[in-house]
Amino acid sequence: MRLYSVIIPIYNRPNEIDELLDSLIKQTYPNFEVLVIEDGSSERCENIISKYENKLNVQYFFKENSGQGFSRNFGFEKAKGDYFIVFDSDCLIPDHYFQSVEDFLNVNAADAFGGPDKAHDSFTPMQKAISYSMTSVFTTGGIRGNKKHYGKFHPRSFNMGISQEVYEKAGGYKITRMGEDLEFSMRIIKSGFKTALIPEAYVYHKRRTSLAQFYKQLHFFGRARINVGRFYKEEVKLFHWFPALFTIGFLSLPFWSLIHPVLGIATICAYLLFFFLNFMSSLIRNKSIWVALLSMATSFTQLFAYGIGFLTEKFVSKT
């Protein structure tokens, strides 16, 4: 029976860690430890952790702020498990998670793994819409946790596991933000380790609760892709440009109309089709007209914000 070490960096989100730990006490597979790394928070969660000391094998560490990547490294150094699993603090873990991972690893060799993210029934309509847009085939989110993903699977740090050997040989995170999980996954693969997607090892990922917060997050993601490209140029592929092209096309709508009215109308119709497809896809998945309506807004926000961040970091940033 493998021992798993759960690494959870947290910064000023005590309510989130409470819900996450509550989901962990319900696991059907019991052999895991939990390391909560408080990354210099002003709103500390140590009182929350104390509630679970008799229910979980949990340890709490407070350190100076260094960002989530280096906080995960701090946890790796303290961990004792055969595999280290990283969760974001805004995740809820279904009770079968560790058993699904254990069952998979018993029959499949994998040095690193990850799983999809889903929307929980308790999520708000906005959270469900954001979850839809981040996992839809009509947006760049469709590659996250999809069985038919492009190329080798790159685990992401909201739901990621690595063997102790991976940490010892490939090291931990080299950057603490701006695509730190992508750079780490790419380095793991380039070091010769095998990665795997475990579809049953999904998490419920809350993400953001407003369009403004979601815009800020996806703008950052767009910048992060270019930042990762500074380490691995080959990892900025043609399809990563899609949100940027989507954004440029939308901002240039008046220009197309000036060139020729038919061209302007055709471009507008293309965007209306995009909204319609997202509405229908979300309606089928979520069975809610309100969530489907919000999904049009979140899908547009995702591509537009990512595109702006991508273009800004590519052509404007001095980083």
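Reader: Which residue in β4 is the bridge partner of Ser-5?

Author: This is a predicted model, in which local features need pLDDT of at least 70, side-chain atom pairs count only at pLDDT 80 or more, and totals for chains, interfaces and linings use all residues. Residues are numbered from 1 along each chain as its sequence is written, and side-chain values use heavy atoms, with hydrogens and water left out. Strand β1 (residues 4–10) and strand β4 (residues 83–87) pair in the parallel sense over 4 bridges; two strands pair if DSSP finds at least two bridges between them, and strands (E, at least two residues) and helices (H or I, at least four) are DSSP runs numbered from the N terminus. In β4, the partner of Ser-5 is Phe-84.

Reader: How many of the residues of β2 are buried?

Author: Buried means under 20% relative accessible area, exposed over 50%, and partly exposed in between (1.4 Å probe, protein chains only). On one side of β2 the buried residues are Phe-32, Val-34, Val-36 and Glu-38, and on the other they are Glu-33, Leu-35, Ile-37 and Asp-39. The count of buried residues is 8 of 8.

Reader: Which word describes how α11 lies to α12?

Author: Two packed helices are described by the angle between their axes and the distance between the axes. The axes of α11 (261–286) and α12 (289–315) come within 8 Å and cross at roughly 130°. Angles under 35 degrees count as roughly parallel, over 145 as roughly antiparallel, 65 to 115 as roughly perpendicular and the rest as oblique, so α11 is to α12 oblique.

Reader: How many nonpolar, polar and charged residues are in the contact of α11 with α12?

Author: Residues of α11, including Phe-274, Phe-275 and Asn-278, meet residues of α12, including Ile-289, Val-291 and Ala-292. Ala, Val, Leu, Ile, Met, Phe, Trp, Tyr, Cys and Pro count as nonpolar, Asp, Glu, Lys and Arg as charged, and the others, Gly among them, as polar. By class, the contact has 11 nonpolar, 5 polar and no charged.

Reader: Which residue in β10 does Lys-118 stand opposite?

Author: An open sheet of 3 strands has the order β5-β10-β7, with mixed pairing. The edges are β5 (91–92) and β7 (117–118), each with a single partner strand, so one side of each has no neighbour in the sheet. β7 pairs with β10 (residues 203–205) in the parallel sense over 2 bridges. Opposite Lys-118 stands Tyr-204.

Reader: Is Met-178 buried or exposed?

Author: Met-178 lies in the loop between α6 (164–170) and α7 (180–190). Although Met-178 is not a glycine, its phi is positive, about 60°. With a relative accessible area of 6%, Met-178 is buried.

Technical notes. Contact = heavy atoms within 4.5 Å. Axes fitted to C-alpha atoms, helices over the stretch in contact; angles between N-to-C directions.
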